[in-house]
Amino acid sequence: MIPVQPERFLKDLHDLRAIGASGVGKGVVRPAYSEADITARDWLADRLREAGLEVRFDPMGSVFGLADGPSLLMGSHSDTQPEGGWLDGALGVISALEVARAAREAGGPAVSVVSFQDEEGRFGVTTGSAAWSGVLPEEDVGKLVDPSGVSLAEARSAMGARLGDWVDPARFTGFVEMHIEQGPVLDQTGGKIGVVEAIVGIRDMVIRFEGQQNHAGTTPMAMRRDAFQALSTFNQRINDHFRNVVTPATVWTVGHVSVHPNAHSVVPGKVAFSMQWRDGDPERLARMEQIIRDTASEVAGDMGLSLEFGPMLGVEPVAMDATLRAVLAGAAEIETPGKWRHMPSGALHDASNMARLMPAAMLFVPSIGGISHDFAEDTAEPDLVSGLNVLARAVARIGA
């Protein structure tokens, strides 16, 4: 086992938490390319240099700490949601830092570290690692705009002269990412470690209904072409239509709704809403897409509305590397005997993109109450240390 120092690891986690601290519990506000995000990347760069690693920023602003020669790459991301928790992404970065630092102090094996930029999707989906891996074509990067209308180029310019060339993926032998589960399974079952089998696929698109804007007091209910009622009807029907297609692990969400004109005394004439669904089976994802399109068309026809579908976004399901998974499982059994499990990831992670470049694997630790993407996100410190120790045991074996 690599001789990691839990106290140093926890101090770094809390020091990073202080950059962009929300003032509410352990919450953090550190969106991609914000002042707090860039300050955090500079702080990390200093820690990486102190650990004897070569610091490189790539064209997206992802920061690497590179070991000499071929090495295992570890890390995650340090940007957060607009109201984020202190561990989402940060845990993977700081655990990688501690393992890399301890490995160098012990004379090996070689471990490099990365904090990818914009994993949380201010400009897309795992933007930094997607651009590096080629999942996001270079010609599309320049077209990206955030929800406020700020272009990626404009936001990225805040990083100034830090930005450099792409790091060659061929120098890495594999990728390992530790993360909080962001769900309730480990917490509710008393589990301490999750070894990820696969990362689910995601589909996401915007659906628009258009009816007739009208007076809310003088338009009889039977004569309305109410776009919001179409959304309500769609939401009811889709749950029923999915019934014989989905599994208990399948999820779908209407997460963003825009109503026009969004006024108390006006029958809504337009509604646009996001529809996202996730599953580990590509065929099921495709079947769900067809059901969504058919259901929306059925509702529009029944209610006399026009219908428009936005572009389809998303990523394919990705299996984690079997060899790396086996090493993580063996380390988990030594560290937390009988209290670990194989499990899927229902959330998207940078490891999904890395699996297209090199062998990749993920490790989960519990999330208290299953809460994430919220200021209340937390994990007990003994569980954080258990995860660190599993990584240290696994990396020692991978590098042997």
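Before you click anything, one term: a residue is called buried when its relative accessible area is under 20%, exposed when over 50%, and partly exposed in between, using a 1.4 Å probe and protein chains only. Now the ground rules. This is a predicted model, so to speak of local features we need pLDDT of at least 70, and side-chain atom pairs count only at pLDDT 80 or more, while totals for chains, interfaces and linings use all residues. Residues are numbered from 1 along each chain as its sequence is written, and side-chain values use heavy atoms, with hydrogens and water left out.

**Stop 1: the whole chain**

Show everything as a cartoon. The chain has 12 helices and 17 strands; these are DSSP runs (helices are H or I, at least four residues; strands are E, at least two), numbered from the N terminus. The C-alpha atoms fill a box of roughly 80 × 50 × 40 Å, taken along the principal axes. Of the 400 residues, 50% count as buried.

**Stop 2: P268**

Select P268, in the loop between β11 and β12. Is P268 buried or exposed? With a relative accessible area of 15%, P268 is buried. Contact here means heavy atoms within 4.5 Å. Setting aside neighbours within four places in sequence, P268 is in contact with Q212, R225, D226, A227, F228, V259, H260 and P261.

**Stop 3**

P261 sits in the loop between β10 (257-260) and β11 (266-267). Look at the peptide bond from H260 to P261: it is cis, with omega near 10°. Next, pick N262, in the loop between β10 and β11. Phi of N262 is near 65°, a positive value in a residue other than glycine. Here is some background: most residues other than glycine have a negative phi, and most peptide bonds are trans. N262 is exposed, with a relative accessible area of 62%.

For another cis bond, go to G108 and P109, where omega is near 0°. P109 is in the loop between α3 (90-106) and β4 (111-116).

**Stop 4: helix α9**

Select residues 282-303, which make up helix α9. This helix has 22 residues and reaches 32 Å from its first C-alpha to its last, close to the 32 Å expected at 1.5 Å a residue (the expected span is 1.5 Å times one less than the number of residues). Colour its buried residues: L285, M288, I291, I292, T295, A296, V299 and A300. Then look down the axis of α9: these buried residues fall within an arc of 160°, so they line one face of the helix. That arc is taken from the directions from the helix axis to the C-beta atoms. The face turned away from the buried side carries the exposed residues E283 and G301.

What covers the buried residues of α9? Among the elements to show are β7 (201-210), α8 (227-241) and β12 (270-279). At the start of α9, find the side-chain oxygen of D281 that reaches to within 2.9 Å of the backbone nitrogen of E283. Just after α9, G304 takes a positive phi of about 70°.

**Stop 5**

Jump to S367, in the loop between β17 (360-365) and α12 (381-398). At 0% relative accessibility, S367 counts as buried. Its side chain has a polar atom 2.9 Å from the backbone nitrogen of Q182, and the side chain of S367 also reaches the backbone nitrogen of E181 at 3.5 Å. H373 counts as partly exposed, at 40% relative accessibility.

**Stop 6: the nonpolar cores**

A nonpolar core is a set of buried Ala, Val, Leu, Ile, Met, Phe, Trp, Tyr and Cys residues joined through side-chain atoms within 4.5 Å. How many residues does the largest one have? It has 70, and those with the most contacts inside it are L13, M74, L91, V99 and L384. Helix α3 gives the most to this core, with 10 residues. Apart from it lies another core, of 24 residues, among them V318, M343, M362 and F364.

Note on methods
Polar contact = N/O pair within 3.5 Å; in protein donor to acceptor, adjacent residues only side chain to side chain.
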